[in-house]
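Please read the following report alongside the sequence and the coordinates.

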Amino acid sequence: MTAALLYVVIGLATVVVLLNGAIIATRAALIQRQKRLRRVRPGTETLLAEYLAGTPAMPATATRRERAVLLDVALEAIADLRGEERARLVGLLEELGFVSSAMSGLSARRRVSRRRAAEVLATIRSRAAVGALTPALADRDALVAVTCAYTLAEMGGEGYVAAVIATIKRHAVRAPGATAAAMLALGAKQPSALTPLLARDVAPPVRMTAIEIVSELRLPQYLPALRACLTDAGGTDSDDVAASAARGLGLIGDAEAVEALIGFTSDASRTGAARAAAAQALGSIGDPRAVPVLATQLRARDWKVRAAATGALGGLGDPGIAVLRRAASSGSAEVRLLAEAALQP
Amino acid sequence: MKVLIAEDSATVRRLVAARLIADGYEVLEASDGEEAVKLAREGTPDLLVLDKVMPKLDGFEVIRALREDPRTSELPIVMLTERTNEEDVLGGLDLGIEDYMPKPFSPHELSARVRRALRRSGR
């Protein structure tokens, strides 16, 4: 029994020693590799900069190490560049086979390789890669598919919009950050392309992201769609969407939405947060027709609505200020404090 | 005319340097904020191209250090900022930068802005 135990202990100790040895050897190899790469890097940076500035000599890419360093340096620089130098760098990467290699990488078996290939192509944004990016929208990995959608959106071209939108809808829950980036690229490059994402049958989180993007980009062509989002049927999700839409209408400054926002602000069946957003939007638009409803909402049950109405009145000129002055002598301490704060210059 | 370029990405820095040299400027290079302050004080540049995001001292800290020193308090600065960061732009303008360029940027355009900034500052 004791001998068997001893064998087990010796066996375990050997495994631990071997594992430690393997870890140390791997780390040493990695450190050595990084040192070698660091030695090559300054020369590559100089040669690449000179090439981009117009000298005909290309940076060396004879060995795998030189190619790896060149790709790293190029990807780092390309993100900071646009115009002639960017185009020259993209041309260089195409000529040296980095783009075609990444295109092949999109059909690799390993997910990590496909993700890396998609990221490389997203950074380079070479038109030569379109043929590989389009089928990759169907990749089973959300990040690969959405990164490719982002790249196509960044490159523009109406031909990809439907496929990009479908990819965004499919993966919005699993990859919300990446889909938001793709939507932003789409909204910036194709200002009318986001319409399908504002439709009523789209999942509320996707719809809200799309609303935020068109609002932040101040795209007035979406105002009818934003008004529709505001007046959708009730329900918590719908109120969240409506609150985003109200913020958007306020940001863009839609005078045509004033009546709908007035109705929404005083609709007690809506959540306080959504009504508060509508009240704030009325303040941002600055139409004096909103004064009576906002004055009434100073006595709303929900404190968010009361606070938003007070702030909004401050943006409605003399009629709003007159209401706030009256509120500053209100019997309610809270209303008084809010009104006094809103009257501060 | 002498231009100091403070940018931590070596490729971008050297590319901007090559462009400015081709346009007839003498160029000094700094790869971090501390080196930028040192070279601005000792190298007597006529203009500083300054990246906002840098190691050791960021762009704003560099500007503050330069504005406190009589040797560099009037040095015109063109700052490279992140594309969508309004705070960078407003912060830089508040600190008295001459101009800014959002990244990604065109070195050709930067060279034109350097020319304009030097002209405006009477150098």
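## Pocket, strand and backbone

In the lining of the largest pocket, α2(A) supplies the largest share, with six residues. The model is predicted, so local features are given only at pLDDT of at least 70 and side-chain atom pairs only at pLDDT 80 or more, while totals for chains, interfaces and linings use all residues. Residues are numbered from 1 along each chain as its sequence is written, chains are lettered from A and ligands numbered from 1 in the order in which they are written, and side-chain values use heavy atoms, with hydrogens and water left out.

The space in this largest pocket comes to about 520 Å³. Its lining has 17 residues, of which A:R64, A:R67, A:A68, A:L71 and A:F98 are the closest to the centre. Two or more lining residues come from each of α1 (2-53), α2 (64-78), α4 (98-105) and α5 (111-124) of chain A. By class, the lining holds seven nonpolar, three polar and seven charged residues. A pocket here is an open set of points on a 1 Å grid over the protein atoms alone, where a 1.4 Å probe fits and protein lies on both sides within 12 Å along at least five of seven lines; lining residues have an atom within 4 Å of a point. Grid points are joined across faces, edges and corners, and the volume is the space filled by probe spheres set on the points. Ala, Val, Leu, Ile, Met, Phe, Trp, Tyr, Cys and Pro count as nonpolar, Asp, Glu, Lys and Arg as charged, and the others, Gly among them, as polar. Helices (H or I, at least four residues) and strands (E, at least two) are DSSP runs numbered from the N terminus.

In chain B, strand β3 (residues 47-51) is mostly covered, with five of its five residues buried, where buried means under 20% relative accessible area, exposed over 50%, and partly exposed in between (1.4 Å probe, protein chains only). In a regular strand the side chains alternate between the two faces of the sheet. Accordingly, B:L47, B:V49 and B:D51 point one way from β3(B), whereas B:L48 and B:L50 point the other way, and all are buried.

Together with helix α3 (residues 59-68) of chain B, β3(B) and β4(B) make a right-handed β-α-β unit, right-handed meaning that, with the strands pointing away from the viewer, the path from the first strand over the helix to the second runs clockwise.

Most residues other than glycine have a negative phi, and most peptide bonds are trans. B:T44, in the loop between α2 (33-42) and β3 of chain B, has a positive phi near 40°, and B:T44 counts as exposed because its relative accessibility is 55%. In the loop between β3 and α3 of chain B, B:K56 has a positive phi near 70°. The peptide bond from B:K103 to B:P104 is cis, with omega near 0°.

Returning to chain A, A:D232 lies in the loop between α11 (223-230) and α12 (236-252), and A:D232 counts as buried because its relative accessibility is 10%.
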